[in-house]
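Have a look at the fold first.

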Amino acid sequence: MLTTFGVKTYFIFFAIHIATRRVVVTGVCTHPDNAWMEQQARNLSMHFYETGNYPSILLRDGDVKFCKSFEDILAVDGVKTKRLPRRSPNLNAYAERWVQSFKFECLNHFVV
């Protein structure tokens with residue numbers, strides 16, 4: 001995002017249920033840390049509880065922001081996290097396509 005102080009990067013945490021193609025956005029942050037990631041895991045667990053739809057596996061990329069406690073919080077609900085290999089966008093094609101669509105839709109409406 002372009003601000004008066006320059007370009008600012010935002011991190012969006014989202015999850016996609018592959019069977020229904022439903023996207024859940026749990027948080028947006030400019031500087032994510034371990035505490036923020038733990039909260040996102042709790043938010044995701046609350047979403048699973050509210051919908052009654054617990055996945056067995058959560059695919060994630062290899063970002064270092066995913067801490068051990070993130071996986072531990074989801075493991076309580078019986079959700080295993082699986083880290084995808086580096087440089088393998090085709091293994092997470094639904095997420096990659098959503099990010100591409102999101103960027104296009106958002107950036108298409110900004111006038112610089």
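## Ground rules

This is a predicted model, in which local features need pLDDT of at least 70 and side-chain atom pairs count only at pLDDT 80 or more, while totals for chains, interfaces and linings use all residues. Residues are numbered from 1 along each chain as its sequence is written, and side-chain values use heavy atoms, with hydrogens and water left out.

## The core

The largest nonpolar core has 14 residues. A nonpolar core here is a set of buried Ala, Val, Leu, Ile, Met, Phe, Trp, Tyr and Cys residues joined through side-chain atoms within 4.5 Å. Buried means under 20% relative accessible area, exposed means over 50%, and partly exposed is in between (1.4 Å probe, protein chains only). β3 (11-17), α1 (34-51) and α2 (68-76) each supply at least two residues of this core, and α1 gives the most, with five. Helices (H or I, at least four residues) and strands (E, at least two) are DSSP runs, numbered from the N terminus.

Among the residues with the most contacts inside the core are Phe-13, Leu-44 and Leu-74. Contact means heavy atoms within 4.5 Å. Leaving aside neighbours within four places in sequence, Leu-74 touches Ala-41, Leu-44, Ser-45, Phe-48, Leu-58, Val-79 and Thr-81. Thr-26 sits in strand β4 (residues 22-29) and is buried, at 16% relative accessible area.

## Strand β5 and its partner

β5 pairs with β6 (residues 80-83) in the parallel sense over four bridges; strands pair if DSSP finds at least two bridges between them. Ile-57 stands opposite Lys-80 in β6.

## Salt bridges

How many salt bridges does a search of the whole structure find? There are four, each being a side-chain nitrogen of Lys or Arg within 4 Å of a carboxyl oxygen of Asp or Glu.

One of them joins Glu-71 and Arg-60 (3.1 Å, N to O). Glu-71 lies in helix α2 and Arg-60 in strand β5, so the pair ties together parts 11 residues apart in sequence. Arg-60 is buried at 8% relative accessibility, while Glu-71 is partly exposed at 22%. Glu-38 also bridges to Arg-42, with the closest N and O atoms 3.8 Å apart. These two are four residues apart in helix α1, so about one helical turn separates Glu-38 from Arg-42.
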